[in-house]
Amino acid sequence: MKQNKLGDKDHYRKGESQTGLFDEDRKALLPLPAKPFDVVTWTRMKADKYGNITVQGRHRYAAGPEHAGHEMIVGLRALEVEILDAEGKRVITHPRSYGDKPTDSGDPSSQLGLLCDRPAAWRNSRVRDAMPDPLREWIDAQDEATRRDSLRALLHADGESGWRAAVAGMLEILESTGGTDRAGVCLAAARHASGLGPVAYDDPVDLSEYDIAYTKEDE
């Protein structure tokens with residue numbers, strides 16, 4: 001209601017209602033394009049002997065060894081790099097890397113930061129390909145918010161303990177709790193990185209013993 005009242009006020013200079021002026025402007029607008037505009041720069045690049053292409057001299061993306069030495073068509077978008085073969089057939093899409101530090105899409109952990117911001121790219125990522133089946137299948141089945149949280153947990157564990165320990169720790173926590181909470185994943189990853197196994201007890205732990213510290217006998 002408030003918005004309509006403001007629109008009914010006369011324009012300070014033209015002396016007509018702002019709503020009426022807006023309706024006139026709207027009639028003059030052009031229709032939106034029938035097809036979305038793809039903001040992309042296409043260029044032809046030759047893959048190296050390993051089937052990789054390098055963007056900006058420092059960010060390397062894998063097309064696959066079968067494309068070694070071949071000319072590839074590379075599409076650069078704001079958030080992704082799409083690689084096509086010489087005939088224009090799609091080969092693979094990678095999350096795009098930025099910065100002065102060299103990156104390699106073949107290293108799964110190099111994509112983690114990007115995936116945390118763009119979890120929808122998960123299914124086409126090297127991170128997914130490098131996961132053990134139970135962990136991959138569990139993350140596949142999650143909604144975008146849960147997937148993002150899991151990737152952030154993996155990112156922190158990777159930064160603290162390395163890729164192998166982070167994956168092992170996450171798998172351990174998933175199998176024991178059914179989830180991938182960050183604290184548990186980081187703790188398990190640190191233990192794997194140190195070479196220590198999980199804590200084993202000879203007998204079940206009776207936590208009720210701790211109630212003694214909080215129980216006061218009636219006088």
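# Exercises on salt bridges and a helix contact

E71 is partly exposed, its relative accessible area being 41%. The model used in these exercises is predicted.

**Exercise 1.** Find the salt-bridge partner of E71 and state where the two residues lie in the chain.

Solution. Step 1: the partner of E71 is R44, and the closest N and O atoms of the pair are 3.0 Å apart. Step 2: E71 belongs to strand β4 (residues 71-76), while R44 belongs to strand β1 (residues 41-46).

**Exercise 2.** Decide whether R26 and D23 are buried, partly exposed or exposed, and describe how they pair.

Solution. Step 1: side chains of opposite charge can pair when their charged atoms come close. Step 2: the side chains of R26 and D23 form a salt bridge, with 2.8 Å from N to O. Step 3: both residues sit in helix α2 (residues 18-27), three residues apart, so about one helical turn separates them. Step 4: buried requires under 20% relative accessible area and exposed requires over 50%. R26 has 46% and therefore counts as partly exposed. D23 has 29% and is therefore partly exposed.

**Exercise 3.** Work out which helices the salt bridge of R191 and E172 ties together, and classify R191 by accessibility.

Solution. Step 1: the side chains of R191 and E172 meet at 2.1 Å, N to O, in a salt bridge. Step 2: because R191 is in helix α8 (residues 182-194) and E172 is in helix α7 (residues 163-177), the pair ties together parts 19 residues apart in sequence. Step 3: R191 has a relative accessibility of 18%, so R191 counts as buried.

**Exercise 4.** State how many salt bridges the structure holds, and name the residues joined into one network.

Solution. Step 1: the count is 13 salt bridges.

**Exercise 5.** Describe how helix α6 packs with α8.

Solution. Step 1: the axes of α6 (residues 144-161) and α8 are 9 Å apart, at an angle of about 30°. Step 2: angles under 35 degrees count as roughly parallel, so α6 and α8 are roughly parallel to each other. Step 3: the crossing of α6 past α8 is right-handed. Step 4: α6 contributes R152, A153, H156, A157, E160 and S161 to the contact, and α8 contributes R182, V185, C186, A189, A190 and A193. Step 5: sorted by class, the contact has seven nonpolar, two polar and three charged residues.

Terms used: Residues numbered from 1 in each chain as written. Predicted model: local features only at pLDDT ≥ 70, side-chain atom pairs only at ≥ 80, totals over all residues. Heavy atoms only, no water. Salt bridge = Lys/Arg side-chain N within 4 Å of Asp/Glu carboxyl O. Helix = DSSP H or I, 4+ residues; strand = E, 2+ residues; numbered from the N terminus. Buried < 20%, exposed > 50% of the residue type's maximum accessible area, 1.4 Å probe, protein only. Axes fitted to C-alpha atoms, helices over the stretch in contact; angles between N-to-C directions. Parallel < 35°, antiparallel > 145°, perpendicular 65-115°, else oblique. Left-handed = near helix turned anticlockwise from the far one by under 90°. Contact = heavy atoms within 4.5 Å. Nonpolar A, V, L, I, M, F, W, Y, C, P; charged D, E, K, R; others polar.
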